[in-house]
Amino acid sequence: MGKRPDFESNLSRLQKKLKTGVGPDDESMDYEPRVVCELSGKALVKNFEAIRDQAKDKGVIPMIKANGYGHGLTWAAQTLSECRDVAGFGVATLEEGLKLRTELSNQMRRHRIIVFSGATDFTEEKGRFCLAHGLTPVLSSEESWNLFDRAGFSSKLPYELEFNTGMNRLGIPDALAPKIAKRAKEIATRAEGNKFLSGVFSHFATAEDPNHRVTRDQLERFRAVRSVFSDLGAVQFHMANSAAIWNQKQIDSLSITDLIRPGISLYGVPPFPGAPEKGIQPVMRLKARIIQITRLKPGESVGYGATYTVSGSEAQEAPVFMATLSAGYADGLHRSLSGPGKKCENGGYVWISGKASRFAGIISMDLSSVFCGPEAKVGDWVEWLGSHIDPWSQAKLAGSVPYELLTSVTDRVKRIYVD
Ligand SMILES: Cc1ncc(COP(=O)(O)O)c(C=O)c1O
């Protein structure tokens, strides 16, 4: 990967600094944390390389918005900044961009930081902020583009244009592409070349389904957008998120683009249920300690609302043990993973004593209960996100998607950067 020699030592210094956790700081904390979020830098880099290899000669914009999908914004950028073919980093907000510029001034010097939604709706204040901190705004509406251009930013601040090809969330209507391309060419002629429009892109709504009518339609509409900008030198085109990269053979968006924008797959989650792993592995592992074990008798229940009660037949089959975990919804453990009972029949998965088990009863703010065997001990760690748990199955039980499980981990969870 060609890391500079001082990179390893800088990285490890920064990783030490980044070990966060509320309450006592690292030096004075000589007891086991309640909940741990383990993060693997090696896995993040390997995933990046596996994704880049799938897309062959494309540059990569790692999407590290939303605090690096919950893994740590600065850590994710730092870990990936020396990888070959990084073509900038994707953040959501202006604040995330500023944080990167401030905390990683050396590593980020040569990287663009593209602000995907935070500069919409555009104002002159936002333009000045981007200029001052070296951020590349995305202009996603006709109004934003007009204001950007009228205020003179189009000839002094690098920017990207997002076109709406069917997601109908953000983006300049694709029908306006010829008009905007014409104006961009006028600016380029005056400046003796296109110096500031760095990219033109769109975003897939249904890339997990290559045959979806919307996927096919978006691709054709983007092809048309691309054609009117193609003679503006230095513009790079991009469209593919993780699902489109995985389905590239059927979608073929890569043949009309220069860059890819992977998010969820970088963090080791296959981009849709049942998607092959293609060499990626989980970067995050969430685990909590068993702090108490209780044996329940028939007729006894667990947790608020007594939603799970041991039946006579269950207790006859085998003794029923409950492990109390030091993790609850205030740590980001979704309450919707609560276990069997009147209202929540399908408890979320845990990995305990080397096998799979389930949450039992209602997950509360700081605590939760899981079924365990007689071999479980106080102090054992129990995982609910990581290599033993399928993220899509877990997310389905939570009525959600892995994206939300990853980004829900709260500040009081101790982050440990394992490698
Ligand atoms: C504009 C844009 N590009 C790329 C991505 C990455 O998508 P994924 O995490 O599905 O790879 C996102 C994420 O939502 C996005 O908003």
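## Basis of the model

Residue numbers start from 1 along each chain, in the order in which its sequence is written. Because the model is predicted, local features require a pLDDT of at least 70 and side-chain atom pairs count only at pLDDT 80 or more, while totals for chains, interfaces and linings use all residues.

## Domains

The domain assignment of the protein gives domain 1 (41-267) and domain 2 (284-417); such bounds come from an automatic or database domain assignment. The C-alpha centres of domain 1 and domain 2 are 39 Å apart. Nine residues from domain 1 and nine residues from domain 2 form the contact, where two residues are in contact if their C-beta atoms, placed from the backbone, lie within 7 Å.

## The largest nonpolar core

A nonpolar core is a set of buried Ala, Val, Leu, Ile, Met, Phe, Trp, Tyr and Cys residues joined through C-beta atoms within 7 Å. A residue is buried if 20 or more other C-beta atoms lie within 10 Å of its own, exposed if 12 or fewer, and partly exposed in between, with C-beta atoms placed from the backbone. The largest nonpolar core holds 111 residues, and A77, V115, V370 and V382 touch the most other members. Both domain 1 (41-267) and domain 2 (284-417) give residues to this core, so it lies between them.

Leaving aside residues up to four places away in sequence, V382 touches K287, A288, I290, A323, L325, V350, W351, I352 and V370.

Helices (H or I, at least four residues) and strands (E, at least two) are DSSP runs, numbered from the N terminus. Eight of the eight residues of α4 are buried, so this helix is largely enclosed by the rest of the structure. They are L73, T74, W75, A76, A77, Q78, T79 and L80.

Helix α4 (residues 73-80) packs with helix α5 (residues 94-103) at an angle of about 55°, their axes being 10 Å apart. That makes α4 oblique to α5; angles under 35 degrees count as roughly parallel, over 145 as roughly antiparallel, 65 to 115 as roughly perpendicular and the rest as oblique. Axes are lines fitted to C-alpha atoms, for helices over the stretch in contact, and angles run from 0 to 180 degrees between N-to-C directions. The contact is made by L73, T74 and A77 of α4 together with E96, K99, L100 and E103 of α5.

Helix α2 (residues 41-54) also meets α4: their axes come within 10 Å and cross at roughly 60°. On the α2 side the contact involves G41, L44, V45 and F48, and on the α4 side A76, T79 and L80.

## Two loop residues

S154 is found in the loop between α7 (142-150) and β6 (159-164). With 22 other C-beta atoms within 10 Å, S154 is buried. Apart from residues up to four places away in sequence, S154 touches F148, D149, I187 and F196. S154 and K195 are 41 residues apart along the chain, and their C-alpha atoms are separated by 9.2 Å.

P319 lies in the loop between α12 (312-317) and β14 (320-325). P319 counts as partly exposed, because it has 13 C-beta neighbours inside 10 Å. Residues up to four places away in sequence not being counted, P319 touches R295 and P374. P319 and R295 are 24 residues apart in sequence and 7.1 Å apart in space, C-alpha to C-alpha.
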